[in-house]
Amino acid sequence: MDLKHMPARTAGADGARVPGGDGGAAQGSPGDSGTSGVRQENTGMVQLLTPDGQLLEDSVYGAYAAELGGSELRGLYREMFTIRRFDQEATALQRQGELVMWVPMSGQEGAQIGSGRALQPQDYVFPTYREHGVALTRGLELSHLLRRFRGISHGGWDPADANFHLYTLVLAAQVPHAVGYAMGMARDRAADPQLPEAATVAYFGDGASSEGDVHEAMVFAASYDAPVVFFCQNNHWAISVPTEVQSRIPLANRAKGYGFPGIRVDGNDVVAVHAVTRWALERARSGGGRC
Ligand SMILES: Cc1ncc(C[n+]2csc(CCOP(=O)(O)OP(=O)(O)O)c2C)c(N)n1
Ligand SMILES: [Mg+2]
């Protein structure tokens with residue numbers, strides 16, 4: 001990647017790059033005028049890379065991007081490439097009847113590798129059923145991801161091995177779990193200050209964001225300042241229902257109603273996702289609370 005400094009910018013309605021969707025600590029569909037005529041005002045979306053790979057300046061997140069050297073950037077690219085290749089193989093296995101089902105993640109490599117690489121070992125991930133890229137960053141043996149989809153295991157791995165919970169197929173059920181676990185982490189650390197600062201990350205989709213579990217989890221997280229980061233991957237569809245039907249405003253804007261920051265990030269921009277997730281995790285771990 002050719003990284004050159006250019007002035008910072010945020011994407012406007014017509015600047016948002018849609019394929020692959022948004023990713024981030026919280027996010028929504030591109031700030032658009034929509035089709036109903038009652039759509040939201042445009043919300044800035046964090047982008048640190050231009051489509052041709054030039055680095056943009058940013059007063060908040062630029063410092064995180066600057067810490068990524070050549071080997072780190074090549075590592076991010078290698079993992080995005082690896083997980084796409086794995087995803088293609090698993091999809092082929094499903095088509096051949098070797099897997100009962102497979103949940104593809106192609107197009108979400110930047111969101112998953114960028115966020116997964118922002119985590120520290122002591123953090124704990126609560127995934128949906130699609131976080132194969134995050135699993136790779138946690139060091140999971142990728143073949144273990146196939147076990148559940150082949151129907152030979154109820155889980156496939158020991159969550160404690162890499163602080164990566166089992167996949168949850170019931171939409172949003174893992175989000176309250178992430179908040180409860182984060183509250184437990186905070187209490188453990190209050191009892192034993194020698195423990196490292198840690199946070200949980202709750203991954204969920206744009207469709208799952210309509211589930212009551214997410215609302216309840218966010219209320220709890222706000223009330224108790226739980227060290228949790230809510231990471232909504234907006235691929236713009238919940239099977240056949242587009243995001244614009246599920247929300248009249250960008251999803252990230254909802255965070256304000258709970259009383260914590262919501263940041264919309266270009267999920268195709270691995271550097272931006274990495275930077276924003278690092279920022280959010282540091283805030284959560286250090287007692288700033290959820291975002
Ligand atoms: C509680 C619940 N309701 C319905 C379903 C059926 N279902 C499976 S995937 C899906 C769409 C999810 O969309 P989204 O949250 O955007 O995640 P994505 O699959 O796009 O990553 C639905 C409705 C389910 N698994 N769980
Ligand atoms: Mg979706």
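Predicted model: local features only at pLDDT ≥ 70, side-chain atom pairs only at ≥ 80, totals over all residues.
E2 belongs to an open sheet of 3 strands, arranged in the order E1-E2-E3 with parallel pairing. Because E1 and E3 stand at the edges and each has a single partner strand, one side of each is left without a neighbour in the sheet. On average, neighbouring strands of this sheet are turned by 20° against each other, direction ignored. In general, the strands of a sheet pair through backbone hydrogen bonds, in either a parallel or an antiparallel manner. Here, the pairing of E1 with E2 is parallel and comprises 3 bridges; Tyr-124 is placed opposite Thr-200 in E2. The pairing of E2 with E3 is likewise parallel, and it extends over 6 bridges. Within this pairing, Phe-204 stands opposite Cys-232 in E3.

Helix H7 packs against this sheet. Its buried residues contact strand E1 (124-126), strand E2 (200-205) and strand E3 (228-233), as well as helix H8 (212-224). The buried positions of H7 are Gln-174, Val-175, Pro-176, Ala-178, Val-179, Tyr-181, Ala-182, Met-185 and Ala-186. The length of the helix was compared with expectation: at 1.5 Å a residue, the 18 residues of H7 (residues 174-191) should span 26 Å, and the end C-alpha atoms are 26 Å apart, which agrees.

One is Ala-172, with a phi of about 75°, found in the loop between helix H6 (159-162) and H7. Ala-172 counts as buried because it has 22 C-beta neighbours inside 10 Å, where 20 or more are required. The other is Ile-239, with a phi of about 55°, located in the loop between strand E4 (237-238) and strand E5 (241-242). Ile-239 has 6 C-beta neighbours inside 10 Å and therefore counts as exposed, the limit for that class being 12 or fewer.

Ile-239 is also one of the residues surrounding ligand 1. By residue class, the shell around ligand 1 divides into 7 nonpolar, 3 polar and 2 charged residues.

These elements form part of a protein chain with 11 helices and 5 strands. Of its 291 residues, 46% count as buried. Among contacts in the chain between residues at least 6 apart in sequence, 76% join residues at least 24 apart.

Conventions
Residues numbered from 1 in each chain as written. Chains lettered and ligands numbered in written order. Helix = DSSP H or I, 4+ residues; strand = E, 2+ residues; numbered from the N terminus. Expected span 1.5 Å × (residues − 1). Contact = placed C-beta atoms within 7 Å. Pairing = 2+ DSSP bridges. Axes fitted to C-alpha atoms, helices over the stretch in contact; angles between N-to-C directions. Near = placed C-beta within 6 Å. Nonpolar A, V, L, I, M, F, W, Y, C, P; charged D, E, K, R; others polar.
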